[in-house]
Amino acid sequence: MAFTLYSLLQASLLIVNAVAVLHEERFLRHVGWGSDQGIGGFGEEPGIKAQLTNLIRSIRTVMRGKGTIFSIIIIIIIIIII
């Protein structure tokens, strides 16, 4: 299997889908990454944990509907190719 742009896009879509389906109360809060964790005070740089939490929350917000559409397109392309 060759490393192509299509395989890179497919892998990134799978990773984004995996992040998008993480449930905050069932998974993230148990590992200490819930939204109720302190982000920091005014003027302080947020730590890596807070930045990753914000990234996960942003991905879940943006990709809620679009991720489904992209996944359906990729599945249709795979069915046509095979």
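Reader: Which residues is R60 in contact with, leaving aside its neighbours within four places in sequence?

Author: R60 is in contact with V19, A20, L22 and E24, once those neighbours are set aside. Keep in mind that this is a predicted model.

Reader: Where is the place of R60? And is R60 buried or exposed?

Author: R60 sits in helix α3. Its relative accessible area is 16%. Buried means under 20%, so R60 counts as buried.

Reader: How many helices and strands does the protein chain have?

Author: Three helices and zero strands. Read from the N terminus, the order is α-α-α.

Reader: How do I describe two packed helices?

Author: Use the angle between their axes and the distance between the axes. Now the case here. Helix α1 covers residues 5-20, and helix α3 covers residues 48-81. They pack at an angle of about 135°, and their axes are 8 Å apart. That angle makes α1 oblique to α3. The cut-off for roughly antiparallel is over 145 degrees. As for handedness, α1 crosses α3 in a left-handed way.

Reader: Which residues make the contact?

Author: From α1, they are Y6, Q10, L13, V16, N17, V19 and A20. From α3, they are I56, I59, R60, M63, G67, F70, S71, I74, I77 and I78. Sort the residues of this contact by type: 12 are nonpolar, four are polar and one is charged.

Reader: Let me try one from that list. What does I74 touch, not counting residues up to four places away in sequence?

Author: I74 touches Y6, Q10 and L13. I74 is found in helix α3. With a relative accessible area of 16%, I74 is buried.

Reader: How many residues apart along the chain are I74 and Q10?

Author: They are 64 residues apart along the chain, yet their C-alpha atoms are separated by 7.4 Å. Now look at the whole chain. Take its contacts with a separation of 6 or more: residues 24 or more positions apart account for 57% of them.

Reader: What percentage of the residues of the protein chain count as buried?

Author: Of the 82 residues, 18% count as buried. R60 is buried, and I74 is buried.

Reader: What does N54 count as, and why?

Author: N54 counts as partly exposed, because its relative accessibility is 30%. N54 also lies in helix α3.

Reader: Which side chain does the side chain of N54 make a polar contact with?

Author: That of R57, at 3.1 Å.

Methods: Residues numbered from 1 in each chain as written. Predicted model: local features only at pLDDT ≥ 70, side-chain atom pairs only at ≥ 80, totals over all residues. Heavy atoms only, no water. Axes fitted to C-alpha atoms, helices over the stretch in contact; angles between N-to-C directions. Helix = DSSP H or I, 4+ residues; strand = E, 2+ residues; numbered from the N terminus. Parallel < 35°, antiparallel > 145°, perpendicular 65-115°, else oblique. Left-handed = near helix turned anticlockwise from the far one by under 90°. Contact = heavy atoms within 4.5 Å. Nonpolar A, V, L, I, M, F, W, Y, C, P; charged D, E, K, R; others polar. Buried < 20%, exposed > 50% of the residue type's maximum accessible area, 1.4 Å probe, protein only. Polar contact = N/O pair within 3.5 Å; in protein donor to acceptor, adjacent residues only side chain to side chain.
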